[in-house]
Amino acid sequence: MDLAYGPEYEAFRQEVRDFLAANSDKAPRRFGVSRPSDEVVAWQRLLIEHGYAARTIPKQYGGYGAEPDILKSRIIAEEFANARMPMGIANQGVSMLVPTLLELGTEEQKKKWIEPTLKGEVVWCQGYSEPGSGSDLASLQTKAVEDGDDFVINGQKIWTSTAHAADMIFCLVRTEPDKPKHEGISYLIFSMKTPGIEVRPLVTMTGHAEFNEVFFTDVRVPKKDIVAGRGQGWFVANATLKHERGMLGDPNQAGSRLKEIVELMHRETLDGERLIDNPLYRDRLLQLQARVYAMQFHGLRLLTASAKKEDPGIARLIVKLQGCELNHQLAALAIDALGELGVLYGESPHLRAQGAWQHRYMFDLGLIIGGGTAQIQKNIISERGLGMPREPKLAKDNAEPKLAKA
Amino acid sequence: MEFGLSEDQKLMQDSVDRTLEKVSSLDRVRKSAEAREPYAADIRAALVDLGVPGILVPEDEGGMGMKLLDAALIAEAIGRHVAPVPFIGTSVMAPLAFTGAGSPAQQRAFLPKLAGGEAVAGVAISERGAGAREGAGVTASNGRLNGKALFVLDFGGADFYIVGDTSGGLHLVWGDAEGLRKTQLTTIDLTRSIGELDFHNVEAEPLVSGDAQATTRRMLDAGRVMLAADTLGAGWRMIEKAVDYAKERKQFGRVIGSFQAVKHMCAEMASELEPGRSLIWYAAHAFDEIPAESSLMAAHAKAHLSEVGRFVARTATEVHGGMGFTDLLGLHYWFKRIGLDRQLLGSPERVRQDAAILQGWTAA
């Protein structure tokens, strides 16, 4: 146990601090949820140049080309957070497509797509889920039928965040309807401007359209725009999902939420008494504080395991489930402590924190469901973490794609 | 930056664990509990052979001079095997009492004996950690103690006791002192001896060299981390037993472990309990290296493990169905161990109140 980083890392930390102090005027003030603004693109370029974004992506693909060093990555994240400066672009293209292409793409695909994606010039969306294929993603039915040098795609995707602003999509389609369901899927990348694509916003319970539905009608995509081979899509998708789950359940987010609630409870009053002086709210705060600490230290433990290239086993599998749930419970406490004020939303008088707590409380539920529901996470934890048996397979599972063809 | 155990620590914990696997079998634990032994002398002897009682005693007093994190790893192994042995009082809190507040002569007289396992020390400071019930409390004047102390740790078979008085002083009292009445308390957990001391003008030797008040705080912090670690060990053993049982037990023509209802119970137990391990590691590390956070982290570790421990104990029992409820299976030894850990040195609400005071969120 040694919580000190040592001289080499402290020197690196100082470099990051110096950079942030010297460049604070260049940091974008607002990060849009869809397309990066010019300001964001310029900031991203600067970060890549200094190795604070795209740090371990090879130089020939537009990255900084450093050796992976998880402690340096953490120091960068810590210092940016302490200085309240925005990190680089972390959209689905950067976080999911780039690592996938690096692992499985052809040289031509890597050359063509990684650099503009990193620089924020090309924005991607993810075409995985379908109305009939959520937790059972492998049952997806969007068809891609061979026709000359193209695939012709018909079907529908859902939960496609940023589809309305994206240039490109990485998309799972069924190319082999006769094969068992996991073996008939391919991973295609194509332009969102291709004729036959329609994007409709999907308004959620928050009142905002954080997602979209995407409809494909006779969309023609060249056969060469496949990643890995035909029928390899399920394998490619799992490589990508691994990157997505790493993004969800971040304990640092819980830490900053906790701080906000502590401040809120010192500021807000009930019958003239500060909320922090109310033993019931305070006890709930303390229960969650212990959980936040536990998840933060758990994060440090996983970080150490990664740095040493050790497999932390079940310890890693629980992060999405526990982290998302904790964030949700924190939002719930803030709402309860605010009482009636906690239900104000939108443009109301007396609104607190722009309605953020209600928005988080609702949006977090989306995160608990998305990226593998809590129940799917529990299956994974019990099967891979505890070695418990899978549910017996239904015989008809393997036949589904055949039925679909008919 | 390295947040984890060293190879030495892993080896040390593994050797304690393997020893207890051999000597602290369920049959042995049951025998000890049914006979109401103060502790299982053979299991204690096996731990003495490994040097366990000297874990926190400085090397020049015959101990191993190790850190609280090392002690927490041992506490976890002891909880895992529900071992009926004195540890938290005699091997953790009492050595801290001497190193913190004992005179050089007292340290020399008692620490080597504790380290070598030749003496067992009970610890009577529960009122400081859990608050006073039934008006308990010990007062000291002119070298004599009066009053009563409840929930004395490592009570049975103790040669002497470390006793905290109501004004923050610490005293050493011999087990056979005149005017001392000792009453065994029977708790749900028959693997640990808990008792009551009644003082009627009992002669006591004060520990006066250091700051007794601060030392009591250290003992309390350390004790809380140990109870949390005990629950971690006992809790994980319960999860493993539940998983093993679910893989064997068949109903409706399938092993029950293939039903999602059962799998999810097991996944929830593991997910709730495992982050507590890192909280315990951090709290134990802070005890020795980050004094400003030591008491707060000890309180959080204690309260949090109490909460998730209770969830694990009842859920693992439910996974076992009717068998979990029987005496035959013996699962209840772990259930009750976790139940006692929760209440000792402050139940969760009480401990969280401490955490609030420590952060200035409420007045003491």
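A: The largest nonpolar core has 157 residues. A nonpolar core here is a set of buried Ala, Val, Leu, Ile, Met, Phe, Trp, Tyr and Cys residues joined through C-beta atoms within 7 Å. Buried means that 20 or more other C-beta atoms lie within 10 Å of a residue's own; 12 or fewer makes it exposed, anything in between partly exposed, with C-beta atoms placed from the backbone. The residues with the most contacts inside this core are B:Ala72, B:Tyr161, B:Val225, B:Ile239, B:Cys266, B:Ile280 and B:Ala283. Helix H8 (residues 212-248) of chain B gives the largest share, 18 residues. Helices (H or I, at least four residues) and strands (E, at least two) are DSSP runs, numbered from the N terminus.

The model is predicted: local features need pLDDT of at least 70 and side-chain atom pairs 80 or more, while totals for chains, interfaces and linings use all residues. Residues are numbered from 1 along each chain as its sequence is written, with chains lettered from A and ligands numbered from 1 in the order in which they are written.

Take B:Ala72. Leaving aside residues up to four places away in sequence, B:Ala72 touches B:Val225, B:Met226, B:Ala229, B:Ile280 and B:Ala284. Contact means C-beta atoms, placed from the backbone, within 7 Å. A second, separate core has 54 residues, including A:Ile76, A:Leu101, A:Val123 and A:Met192.

Now helix H9 (residues 260-289) of chain B. Of its 30 residues, 24 are buried, so H9(B) is largely enclosed by the rest of the structure.

Next, the contact between the chains. It takes 41 residues from chain A and 37 residues from chain B. On the side of chain A, helix H8 (279-307), helix H9 (314-317), helix H10 (319-338) and helix H12 (374-385) each give two or more residues. H8(A) provides the largest share, 16 residues. This side of chain A divides into 23 nonpolar, 9 polar and 9 charged residues. Ala, Val, Leu, Ile, Met, Phe, Trp, Tyr, Cys and Pro count as nonpolar, Asp, Glu, Lys and Arg as charged, and the others, Gly among them, as polar.

Last, chain A as a whole. Chain A has 13 helices and 10 strands. Buried residues make up 36% of its 406 residues. Its C-alpha atoms fill a box of roughly 75 × 45 × 45 Å along the principal axes.

Terms used:
Two residues are in contact if their C-beta atoms, placed from the backbone, lie within 7 Å.
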